[in-house]
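Here are my notes on this model, as numbered points. Please read them with the structure open.

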Amino acid sequence: MTKESNRRHLLILGAPRSGTTLLAAMIGCHDDIGLLVEAKRMAFTEIVGKAVVGNKLCVPNQIEFEANWDRRVSRFSKAALEKYLALPNFKLVLIVRHVEAVASSIKKRAGKPNETALMYWRRGIEIMHKLKQRLPQDAVVISFESMLANPERHMRRVTDLLALPYQEKMLEGYKHNPYYREFSGFDLSRAAAPESAAEPADFADKHPGVWKKFLELRAAGEKILAWVFFYFNFELSDIVELSNII
Amino acid sequence: MTKQHLLITGAPRSGTTLLANMLGRHSEIVLFVAAKRMFFNRVVSKTVVGNTLCVPDEIDFRERRQQGISFYSARPLERYLKFQNFRTLLAVQDGSRVVAAIMRDEGETFDAAAQCWCRAVAVMHELKQRLQQNALLVSMAHLRANPEDLMRRVAAFLGLEYQAKMLEGWQEDSADAPTDVAPAAHDLKSLYPEIWKKYLELCVPDERQIKGGN
């Protein structure tokens, strides 16, 4: 099971402040998974004895399609996605969260200006959308709000992707979140964060197409809609209509 | 949950990688093999995290810069000793077989292989003295004679439940296990009497373990 040829390589991606660390802590609880958080280089490939090894990174500030050479420190400041895509048995878990929640959290926690926060979210969505199109079978998209509301369903989707049995202990991942050790459960108040499909004012004019990609990714979080969209390339209006029917 | 930091160390060709492969099967352990940096700090949701490094080429008390190359060939052990809840497993293997295996597998001369083994014994002896109860000696002889017993002891040492799947590491990775080699013809005991004395001190607890003593 853990022989090199059968080992799965996992990358968890999401914009900063999208719940990537909580998601990693939950997945990392699985017996057969060895998972790192924000480790540079491909360090996880040196883990032994696990069926699945992987890393969690924030996009775009920690990873891009091409590595970013930082002249000031003479080293790469971002990992290259292409290196990950070249790994055998590569699997991807993407997490998306509403732009307003992400932007306000980035501003509050990291003290970054609103424009920087929006840029992170937009670029993150664009990269994740491209990845989902490139790897339709090997990528799972999770909506942060939906994960809080129904964590078991999403953990089952992840274990299905990784060909592992589901384990209930994954639901206790919040206990291992390195940044929020005081949590005694899921903060369900955040599950109700701006979940409406409403686009922020002026967003379409300034950043055309990004909101649509976000909605497509979020729809991909639902199995049926993902199948319909990515295999038949339905228009967004069809997806919304189907969503209402279901 | 209090995270424990583990270092598996020993001379090259002493079974350190096999030991890591077995322990890495445990649901609460994530182990690296020969990771140059302390990436195990980045592991989430596990009780025991650690690395596997050989003495002296990958880790030593001193930091050593490799001649002609701009990176360090051995990281200092002192950095590991600063970790909270730090424990170490010291892999002890028959000295003359280790030397013979290094000569065969790495193409080293007897002198170079013997120096490598001597340094490994000296470092492990010092580690055992400094860490006392937080260092556990394990030997390939014990692993071969009774792998389940050894895994049970290691799990207890780490405060974890024994898991039968740890033995899968032995079965699946047996191809990579140090194979039997003829012992080196040289007499390590007479060539390095001080080191030999330390080596025997490291071996004694394992001899007792194999016989079922404490």
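1. Where in chain A is A:P60 found? A:P60 sits in the loop that runs between strand 4 (52-58) and strand 5 (63-64) of chain A. Its bond to A:V59 deserves a look. The peptide bond joining A:V59 and A:P60 is cis, with omega about 10°. Keep in mind that this is a predicted model, and the angles are computed from it.

2. Chain B also has a cis peptide bond to a proline. This one joins B:V55 and B:P56, and omega is about 5°. B:P56 belongs to the loop between strand 3 (48-54) and strand 4 (59-60) of chain B.

3. Next, backbone angles. B:A34 is not a glycine, yet its phi is positive, at about 55°. The residue lies in the loop between strand 2 (29-32) and strand 3 of chain B. Is B:A34 buried or partly exposed? B:A34 has 16 C-beta neighbours inside 10 Å, so it counts as partly exposed. A residue needs 20 or more to be buried.

4. B:N85 is another non-glycine residue with a positive phi, here near 50°. Look for B:N85 in the loop between helix 2 (77-81) and strand 7 (86-92) of chain B. B:N85 counts as partly exposed because it has 13 C-beta neighbours inside 10 Å. The cut-off for exposed is 12 or fewer.

5. The largest nonpolar core has 123 residues. Those with the most contacts inside this core are A:L23, A:L94, B:W117 and B:V138. Helix 4 (residues 110-131) of chain B gives the core its largest share, 10 residues.

6. Setting aside neighbours within four places in sequence, A:L23 is in contact with A:I12, A:V93, A:I95, A:I142 and A:M147.

7. Why is helix 1 (residues 16-23) of chain B described as largely enclosed by the rest of the structure? Eight of its eight residues are buried, so the description holds.

8. Last, chain B as a whole. Chain B has nine helices and eight strands. Of its 214 residues, 45% count as buried. Take the contacts in chain B between residues at least 6 apart in sequence: 68% of them join residues at least 24 apart.

Key. Residues numbered from 1 in each chain as written. Chains lettered and ligands numbered in written order. Predicted model: local features only at pLDDT ≥ 70, side-chain atom pairs only at ≥ 80, totals over all residues. Core = buried A, V, L, I, M, F, W, Y, C linked by C-beta atoms within 7 Å. Helix = DSSP H or I, 4+ residues; strand = E, 2+ residues; numbered from the N terminus. Contact = placed C-beta atoms within 7 Å.
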